[in-house]
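The stops below are meant to be taken in order.

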Amino acid sequence: MPIQVIDGPPETLLPSHLQRVDLKYLQMGCDQANKYFQGTVISSYPLTKLGNGTEFFKIVLQESENSCSRTRSINISLFGKLAEDCGKVIHQGDTMVVAGFKVAKSPSTNEDDRHSCHLEVSEDAGSTIYIYTKPSTVTASETASMPVAPKYTYTPLNHLKGGTIVNLYGAVKFFKPPYISNGTDYCSVVTIVDQSNVKLTCTLFNGNLDALPKIYKVGDIVRFHRIKIREYNEQMQGITSIGFASLTFDGTVGAPIVPRTSTKLYTFTEEEQKTIEELRIWAASNLLVFGPTPKLSSVQPMLFFDLTCQLVGKAEVDGSSFLLKVWDGTKCSYPTWKVLVEESDLEGDKVLIHRLRSLTVDVLVYDNHVQLAKSLKVGSFLRIYSLHSKHASAGNQPDVSYVEFHLHGGTCYGRGIRVLPENNPDVKELRAFMDSVSLTESQNVESMSSMELDGTFDNLSYQSYSERCQQLSVTVLTDHQHLEDTTLNTILNSAVPQQYRIRAKLRTFKPQKLHQSIKLYCSKCNSLQEVPDADDFDLILRDSAATAPNPEVQDALWYESAVWDTENQGQRKIAVHFVKHDELLQEPEDTLIMVQGGTLNEIRKLSRRFKCIMPVKSSKEDLELLDLAAPFLLQGKIWHYGCKHCSKQKTAQSLSSLAADEHPSWEPTEIARVLGIEPLQYVFIMKFTLDDGTGALDAYLFDYEKFFQIPASEVLTSSLLQEKMEMIMGILCPPETNPDDLPWLECFIRSYNVSSGMEQQVCYQIFDTMVAEDVI
């Protein structure tokens, strides 16, 4: 048999022709046919599969204390059925003999302190494994947790150095449940802290979901072995390296110290138990650790929360969304949205789903969460992170409102889903409560209030939920994640210039009439100006129309002209010059036209049909642009302006170079470039008064489209976008709202000096921040 488990001393029943080889004499190229290597199992890695589907299992063996080798441990790589079988029987502390192995260069020789070679073992190579188990009077679980060599050293977070591989402990300050990365691996992001008050953000990858840390909530304690430290932007980061392993412990003070791990092979000492207890006590006083997750009975509309629940049904809605029917034993106090799906598409016990119809809520998950949602087993217990309770009204009945539950795409705010094991304390408590709920009573009291149904719970759940809502931010940081929060009082008393990360509330903003916040900005001279009124443009057009088109500048090689008289308008002539490509006219939706003598109303009609319109006038020798108080280009409803001070206008002849391109696109920036125009950009200019309780300051918002995720160039011509902007500001700064109830804004601000004569004034500007997609 390829694997033999022997209850006895080492070397029992070994074939007589085998000779033991020491690590000191182990090298590639030597004949190992009659050799064997013996060592003690000090660690192993989760059983996994290679890209070709072959099972793979890795073990670390250590030679005896009296070995003459400088390096006393070596990696053993097992393949195929031998890997699968060995993974079932091997235990830490066992003595293992490997015969019939192949010696190869270790891929991790630069990342661990083990032998530069590793042993490859498989049935195809004729390998044999002998495992000598140690007789013991303790249980298997006790054996797994017994301290064995080697003794690990743990590095405090304030002593980390880039380019090292370390072992460490930390309390979880933030985490993202595992999600599929851009490749095929799962990814988990976790930020940990310790008593040094230094934080470390770790990005962990593994093809095996179970190999990633099993973190369920902020405050959990993690132990990472063999994590690689790198320095980025003067901040330390942690990433997975070969041999990475983790244990996770409940962070609740006094809770049993039971590790969550996917492997049975790990070391854990009494000294480490003390480390965990100390971290728990420190985290309870220094981390914002939330209480129990809120019940459905306490959930309010338009908020975000974590929900612990049981899955009773699921169904595919479309390619980008998936339905989860869940319950937690309580009844939502608001009417809830029911997603329409075919009964045949709904997976789950139809009888139970019907019995729970008044207690279940429909959660729609999107995008990157769909794949995981499909794999969930009906009946499993879940924790859904950053679930959005959204207020909605029936389209044909505006007076009828209800609550929708959405898990939006992406991983912002730690969005995701975790399956909780049956032995999780929260699951045990939830199951006990569910067992006490009378389903018959719940079906007969559809309108019963949540507090009546959930009478066994006190106000702790709701209070912790309300406190958590106060911590949520309605904005998203798009960069500089390494910056720590700074109070406004500190900022007001700091030197200039600097950049800061803050959490504050928006007390007031200007202008109150939001359309007045749209300005035109020149990036060359940094000037700002109001967007010209349409009536002013019409006057410029009418003045230009007083001069008849010059016949000598009509019909050039690169454009074709058409001229006609207007009726009953004093014989006004209109000239339209159609720009050609390869001496041919293009389709209207791809064509740039130059219009001379047209009114604003006429140009607007033409803009519905043609891609770009350029208002022009004729000189003796060429077509020229109008005064730059008018737009130099119109694209649909968007009008493009140029800076009067920085532009050096050229004639329309300059456009012939673009017309000669193989695929002319008529982009405004390219048109402006060849015409010598410095384009003006539409921007939002607003003043926000921010307050975090320690102080207040005015910060300017200077943004094109990033903050609101709405193009500033389109707001003035779209009533829909204006309503959207008003809705956003109504959420960021609700009118007539108690200041304590205002939402938090998390944002970056920079300080700078502005000179006014002999005086200098300190100003602040918001940057690299945008409104959360859930608000829009």
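This is a predicted model: local features need pLDDT of at least 70, side-chain atom pairs count only at pLDDT 80 or more; totals for chains, interfaces and linings use all residues.

Residues are numbered from 1 along each chain as its sequence is written, and side-chain values use heavy atoms, with hydrogens and water left out.

**The whole chain**

Begin with a cartoon of the protein chain, which has 16 helices and 38 strands; helices (H or I, at least four residues) and strands (E, at least two) are DSSP runs, numbered from the N terminus. Of its 776 residues, 49% are buried, where buried means under 20% relative accessible area, exposed over 50% and partly exposed in between, with a 1.4 Å probe and protein chains only. Among contacts (heavy atoms within 4.5 Å) with a separation of 6 or more, 65% are between residues 24 or more positions apart.

**Strand β29 and its partners**

Select residues 592-596, which are β29. All 5 of the 5 residues of this strand are buried, so β29 is largely enclosed by the rest of the structure. Leu 592, Met 594 and Gln 596 are on one side, with Ile 593 and Val 595 on the other. In a regular strand the side chains alternate between the two faces of the sheet.

Phe 578 has Ile 593 of β29 as its bridge partner.

Residues 623-625 form β31, antiparallel to β30 and joined to it by 3 bridges. The two strands form a hairpin with 4 residues between them, in which Val 616 stands opposite Leu 625.

**Helix α12**

Now select residues 600-607, helix α12, where Leu 600, Ile 603 and Ser 607 are buried. Seen down the helix axis, the buried residues fall within an arc of 65° (taken over the directions from the axis to the C-beta atoms), so they line one face of α12. Together, β29, α12 and β30 make a right-handed β-α-β unit, meaning that, with the strands pointing away from the viewer, the path from the first strand over the helix to the second runs clockwise.

**The cores**

A nonpolar core is a set of buried Ala, Val, Leu, Ile, Met, Phe, Trp, Tyr and Cys residues joined through side-chain atoms within 4.5 Å. The largest has 55 residues, and Phe 688, Phe 708 and Ile 749 have the most contacts inside it. A second, separate core of 32 residues includes Leu 356, Leu 420, Val 427 and Val 437.

**Two single residues**

Centre on Val 437, in the loop between α6 and α7; at 13% relative accessibility, Val 437 counts as buried. Its C-alpha atom is separated by 6.5 Å from that of Gly 329, 108 residues apart along the chain.

Finish at His 388 in strand β19, which counts as buried at 2% relative accessibility. The His 388 side chain makes a polar contact with the side chain of His 408 (3.0 Å); such a contact is a pair of N or O atoms within 3.5 Å, and within protein one must be able to donate a hydrogen and the other to accept it, while residues adjacent in sequence count only if both atoms are side-chain atoms.

Conventions: Two strands pair if DSSP finds at least two bridges between them.
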